[in-house]
Amino acid sequence: RIVGGIKSYENKWPFTAALLYRGEQMCGGVVWDQWHVLTAAHCLCHNKSTRVHRPLPYSVFLGHHNLEARFWFWDWLLRDDYEIGVKEIISHPMYDPKIHYRFDIAILRLSTPIDFGHQHIGVRCVCQPEPLENLDLTNCYTMGWGSTVPVHGNRTAVKSTQLLEIAIPILSDQKCSRHSVHYNPHWHVCAMAPEGGRDACKGK
């Protein structure tokens, strides 16, 4: 869900992955390496830390900013390259959904490796900083598909099949603590638009 975002263009974020459940998009992730995709644990694990090996109904869709490409004729011929099954789910050992998204991270091990050299699919690994690299932590980008407005009650979701992106300021620990009593700098990164209306979830 991206609220207040703009449409991205093809191959701008080549590490972005759509997480599918029985063919329907339900979350997003990023490509870590040829075997792994990083995502949020709350997308998959409703209990405490989980490691699942059994056959799974999940897959990841890669290399395209438009989810409807799965149904285009030429891209349908390449679907086995774009879409890869999930073989294993590994959530953080300290993840607990009852403690406000503490360590809310999971790794997906794919059933087959990603072919980074494929002539039709421009997939890349997410940018990984070097140890002790001095990073600019003033803004972050989030991107994804799905609902474009906050959904409350019976309100119908407005969905985007094209990848959306949004820039959100990163707040200091002190500022974030004023906005949320649940914020903990040990396992949270706080990013929000002070004026509201831009977010990866509820638009505030």
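Is Trp-13 buried or exposed? Trp-13 counts as buried because its relative accessibility is 18%, where buried means under 20% relative accessible area, exposed over 50% and partly exposed in between, with a 1.4 Å probe and protein chains only. The model is predicted, so local features need pLDDT of at least 70 and side-chain atom pairs count only at pLDDT 80 or more, while totals for chains, interfaces and linings use all residues. Residues are numbered from 1 along each chain as its sequence is written, and side-chain values use heavy atoms, with hydrogens and water left out.

Because Trp-13 lies in the loop between strand S1 (6-7) and strand S2 (16-21), and Tyr-141 in strand S9 (residues 139-147), the pair ties together parts 128 residues apart in sequence. Strands (E, at least two residues) are DSSP runs, numbered from the N terminus. Tyr-141 is partly exposed, at 49% relative accessibility. Together with Phe-15, Trp-13 and Tyr-141 form one aromatic cluster.

Tyr-21 and Tyr-58 are likewise paired, with ring centres 5.2 Å apart and planes at 55°, so the pair is tilted. Tyr-21 belongs to strand S2 and Tyr-58 to strand S6 (residues 58-62), so parts 37 residues apart in sequence are tied together. Tyr-21 is partly exposed at 35% relative accessibility, whereas Tyr-58 is buried at 15%.

Notes: Helices (H or I, at least four residues) and strands (E, at least two) are DSSP runs, numbered from the N terminus. Rings of Phe, Tyr and Trp (its six-membered ring) pair if their centres lie within 6.5 Å; planes under 30 degrees apart count as stacked, over 60 as edge-to-face and the rest as tilted.
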